[in-house]
Amino acid sequence: MGDDGKGDGMKVRGLEDLKKLREEGLTRIYPDQVKITVGMATCGISAGANRVYEAIREGIEKEKLSIILAKSGCLGFCQREPLVDVWRPGFPRIIYEEMTPEKGVELLGEIFNGGLKKEWALCRMEEEVLFFEDEPLRYKIESGLEDRDAIPLYQDVGFYRKQLKIALRNCGYIDPESIEDYIARGGYFTLYKVLNEMKPEEIIEEAKRSGLRGRGGAGFPTGRKWESCRRAEGDKRYVVCNADEGDPGAYMDRSVLEGDPHSVLEGMLIGAYAIGAHEGYIYVRNEYPLAVKNMGTAIKKAEEMGLLGEDILGSGFDFTIKINRGGGAFVAGESTALMASIEGYVAEPRAKHIHTVESGLWDRPTNLNNVETWANVPVIVEKGADWYNKIGTEGSKGTKIFSLVGKINNTGLIEVPMGMTLREVIYDIGEGIPEGKQFKAVQTGGPSGGCIPDKLLDLPVDFDELTKVGSMMGSGGMIVMDESTCMVDVAKYFTDFLKDESCGKCTSCRDGTLRMYEILDNITKGKGKEGDIELLEELAWVTAEASLCALGQTAPNPVLSTIRYFRDEYEAHIRDKKCPAKVCNELLTFTIDPEACIACLKCKKLCPVEAITGEKKVPHEIDQSICIKCGTCREVCPVDAVRVE
Amino acid sequence: MADKEMVRFAIDGQEVEAEKGTMLLPVALEYGFEIPHLCYHEAVSPYGACRLCLVEVTKRGRTRLTTSCNYPVDEGIDVTTDSEDIQRARRMILELLLARAPHSERIKKLAYEAGIKETRFSLMDVGDCILCGLCERVCREVVGADAISFISRGDKRDVGPPFADPIACIACGACVYICPTDCIKMEERGDERTIVKWNRTLKMQECKSCGKPFAPLFQLNWIIDKVNLPKDFYDLCPVCRAGR
Ligand SMILES: Cc1cc2nc3c(=O)[nH]c(=O)nc-3n(C[C@H](O)[C@H](O)[C@H](O)COP(=O)(O)O)c2cc1C
Ligand code: SF4
Ligand code: SF4
Ligand code: FES
């Protein structure tokens with residue numbers, strides 16, 4: 001083994017080798033020449049980063065510029081992507097937003113002339129926080145660049161100001177395919193310390209005292225889980241990383257895997273050593289090709305360098321990791337279903353009267369943690385439990401990554417200390433609701449989370465507080481809704497997802513979610529009856545109480561939370577056959593405002609039942625006796641002349 | 001797992017004893033407690049799908065609703081088989097099941113006993129199948145043919161031969177026997193047997209002595225192959241063989 005042609009010379013045997021790699025990494029990250037980095041995580045790529053990268057590459061080639069071009073992960077501000085990051089010795093690092101291929105080429109000229117191109121800049125960085133150093137890394141900046149002040153500092157940008165990036169510490173800063181980059185920012189030094197100076201029990205103690213709770217949703221204390229697994233009887237133990245991330249719209253785990261895969265590997269290595277496991281699995285959903293690729297590269301590099309495999313760092317500790325690709329069902333992220341899937345069976349949950357830490361994969365003690373949980377581990381062990389447990393709230397320590405989406409000005413991935421209020425997240429980081437609209441609710445926790453109304457905006461966000469108000473932390477989805485959202489429609493949307501994604505085993509979950517969906521569908525179509533709310537509540541109770549796994553147990557949250565905070569909206573639909581948010585077409589009357597109508601014939605042509613009369617220059621009109629309330633006219637009208645009541 | 005460890009615990013206040021790790025439902029039934037159940041059968045492993053066998057278990061001071069068919073018994077647990085919450089859950093589960101299997105006598109009876117006369121939900125056109133999975137388990141675990149499986153998830157979940165091709169079904173009828181809602185029908189016409197739900201028709205072996213068809217030829221060859229029996233082992237029907 002190990003003879004891959006490169007010889008043993010590449011193996012990292014001790015601290016000196018690590019330090020040497022760090023030097024290499026530092027010159028890669030901060031070369032003494034110009035370096036341009038394009039954010040090329042999936043979010044960047046879907047915003048067009050590939051084309052920007054190519055244009056810059058061609059520009060550099062054509063002009064024979066001595067500029068290094070590199071790729072990095074995601075800096076979180078997905079809305080402003082493609083992001084291009086320019087490093088120039090003597091300059092602040094400048095991050096340019098909303099780049100295009102043309103702008104990329106133009107930027108090359110500007111760089112050549114020593115300009116800043118302030119108007120395209122999102123922010124500048126003059127220092128970086130490194131968790132593994134006491135002092136931030138300050139860039140040396142030449143004098144005579146005073147006009148840089150026109151570009152806001154990174155830490156003054158609203159979106160970033162209140163963030164604290166622990167799990168995301170390297171995303172956007174390093175080339176995820178370079179192990180040297182990771183080592184340059186302190187990576188694998190903790191592993192070295194762990195393997196050489198710490199006993200497994202000490203690490204478990206540290207994890208317990210840190211207060212770290214699992215980021216996969218349930219918030220189970222990580223240290224306690226490790227301890228149970230270490231103590232469980234078995235000839236072999238496994239550690240597993242849950243990277244199934246089945247919540248639609250959530251991509252925190254993807255971002256970590258794509259942007260900083262070694263942080264997960266190092267976390268798993270430390271955990272495995274603490275637990276006494278020598279084999280690990282990373283279960284990644286199939287729809288994450290870039291995450292699989294970057295993680296695959298990371299594993300290969302770590303193996304080549306002796307950071308995975310046998311006798312790691314010369315300590316005698318062995319550990320290997322395999323990637324397992326999941327089929328993409330939401331329920332496959334549930335711990336027992338995930339393990340069934342790794343074993344080659346259908347991903348279906350089973351009863352957990354015997355815990356997986358005692359009998360998991362192939363009936364052996366198995367410790368499962370989420371991507372984000374693992375990524376936190378090296379920092380916790382390096383900085384110590386007492387450093388970590390000062391961040392966050394009494395019951396929830398540290399930070400949490402959220403994907404902030406919906407009706408909000410700044411969308412993207414954010415990492416904030418536990419206990420930050422919803423108001424701070426939405427109004428400071430998210431910078432409020434667009435188009436001057438009113439905030440209505442925020443849905444947290446993924447599809448089976450709950451909707452939280454404005455009167456609870458000052459709620460500190462942590463595991464227990466979110467549960468108390470009828471929602472949950474889940475994986476960290478956060479969808480902001482404004483006044484134009486119908487809460488019954490929202491409940492229906494999530495219940496529809498859950499009824500499709502239930503594995504279908506339990507009567508209560510399969511038929512419970514289906515029947516809740518049917519009732520909600522009826523209500524939004526004007527067919528709601530007295531007693532529907534009570535029947536929904538009864539179905540919700542049974543679904544939660546009688547179902548086997550957490551999918552069924554939490555599936556009623558969307559229904560229950562919207563009934564709890566927006567009961568009047570349900571009643572308006574059922575009793576008055578009205579949708580206050582004017583979303584449910586069947587409950588609306590469509591009319592055309594003759595003052596606003598520009599008589600363009602668009603709606604007339606597209607109405608499927610020819611209910612609209614009018615011709616050029618004659619304002620159009622809708623014949624209510626023919627209208628089937630499909631809403632097409634409202635959607636297509638270029639001047640919003642279609643009124644609804 | 002060498003020697004049997006016995007544990008003592010209480011069901012509805014009565015002290016009972018059982019081997020540690022056995023499932024609670026069979027123990028309770030053995031002791032004469034009545035717990036309605038649909039997806040449990042002693043011939044196959046427990047699965048926990050119908051959710052009807054709910055009981056309340058108190059363990060280390062914590063009480064929760066749990067299915068009894070797949071709950072391994074433990075020293076000192078306190079089991080309640082008939083609380084208000086249990087009845088409340090049972091009623092809704094039966095109401096849900098009644099909408100799936102409105103023709104099933106067993107479901108109708110259980111529902112009636114729980115006070116449910118009709119269901120508020122629209123009836124489903126699923127041929128009375130409640131997706132209990134007994135047919136799948138008996139076929140896989142007992143018969144060993146593994147001819148049927150669950151298909152799809154959520155409200156589209158179904159049970160049947162994979163890719164709608166019953167190629168592995170030996171038409172033995174074990175699923176017909178075990179199905180709690182009688183929704184798997186078996187028909188015998190002349191020398192052919194059909195398992196209607198799986199759309200499988202097989203020729204029957206005729207007894208070389210009395211001439212009566214007695215079992216699917218495919219099944220007999222399958223057993224001969226599997227257990228390595230002499231080729232002429234099934235020439236006679238069981239009656240003629242016994243009388244020989
Ligand atoms: C339906 C369902 C889906 C889940 N999906 C995920 C997932 O995608 N990723 C994840 O880490 N945990 C998921 N979980 C939670 C896992 O079951 C498990 O609690 C978690 O992976 C444990 O890791 P942690 O302790 O680090 O949170 C899911 C749970 C349920 C019930
Ligand atoms: S609760 Fe739902 S998802 Fe979980 S096992 Fe039961 S049917 Fe499957
Ligand atoms: S066919 Fe019968 S035995 Fe099979 S799952 Fe349906 S109800 Fe159960
Ligand atoms: S008999 Fe226990 S869940 Fe069906």
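Analyst: What follows goes from ground rules to domains, interfaces, ligand shells and local geometry. This is a predicted model, where local features need pLDDT of at least 70, side-chain atom pairs count only at pLDDT 80 or more, and totals for chains, interfaces and linings use all residues. Residues are numbered from 1 along each chain as its sequence is written, chains are lettered from A and ligands numbered from 1 in written order, and side-chain values use heavy atoms, with hydrogens and water left out.

User: Into which domains is chain A divided?

Analyst: Domain bounds come from an automatic or database domain assignment. For chain A they give domain 1 (15-153), domain 2 (188-388), domain 3 (399-482), domain 4 (487-576) and domain 5 (589-644). Take domain 2 and domain 3 of chain A: their C-alpha centres are 27 Å apart. Their contact (heavy atoms within 4.5 Å) takes 18 residues from domain 2 and 17 residues from domain 3.

User: How do I read the size of that interface?

Analyst: Interface size is often given as the accessible area lost when the parts come together. Here buried area is the accessible area (1.4 Å probe) that two parts lose on being put together, summed over both. Domain 2 and domain 3 of chain A bury about 1300 Å² between them, with 57% on carbon and sulfur atoms. On the domain 2 side, Arg215(A), Tyr251(A) and Met252(A) lose the most area, together 39% of what that side buries.

User: How many salt bridges cross between domain 2 and domain 3 of chain A?

Analyst: A salt bridge is a side-chain nitrogen of Lys or Arg within 4 Å of a carboxyl oxygen of Asp or Glu. The rule finds 2 across this interface. Lys400(A) and Glu372(A) form a salt bridge through their side chains (2.7 Å, N to O). Polar contacts are pairs of N or O atoms within 3.5 Å; within protein, one must be able to donate a hydrogen and the other to accept it, and residues adjacent in sequence count only if both atoms are side-chain atoms. Between these two domains, 5 residue pairs are in polar contact (both at pLDDT 80 or more). Helix H10 (252-259) and helix H14 (371-383) of chain A each give two or more residues to the domain 2 side. H10(A) gives the most, with 3 residues. Helices (H or I, at least four residues) and strands (E, at least two) are DSSP runs, numbered from the N terminus.

User: Now the two chains. How many residues of chain A and chain B make the contact?

Analyst: Chain A gives 29 residues and chain B gives 33 residues. Together the chains bury about 2700 Å², 57% of it on carbon and sulfur atoms. His353(A), Arg515(A) and Trp541(A) supply 24% of the area chain A buries here, more than any other three residues. The rule finds 6 salt bridges across the interface. One pairs Lys156(B) with Asp500(A) (3.5 Å, N to O). There are also 14 residue pairs in polar contact between the chains. On the chain A side, helix H18 (487-501), helix H19 (507-524) and helix H20 (532-546) each supply at least two residues. H19(A) gives the most, with 8 residues. By class, this side has 11 nonpolar, 7 polar and 11 charged residues. Ala, Val, Leu, Ile, Met, Phe, Trp, Tyr, Cys and Pro count as nonpolar, Asp, Glu, Lys and Arg as charged, and the others, Gly among them, as polar.

User: Which residues are closest to ligand 2?

Analyst: A residue is near a molecule if one of its heavy atoms lies within 4 Å of it. Of the 13 residues that surround ligand 2, the closest are Cys503(A), Lys505(A), Cys506(A), Cys509(A) and Cys549(A). That shell holds 8 nonpolar, 4 polar and 1 charged. Ligand 3 also has 13 residues around it, with Cys129(B), Cys132(B), Gly133(B), Cys135(B) and Cys179(B) closest. Its shell has 10 nonpolar, 2 polar and 1 charged.
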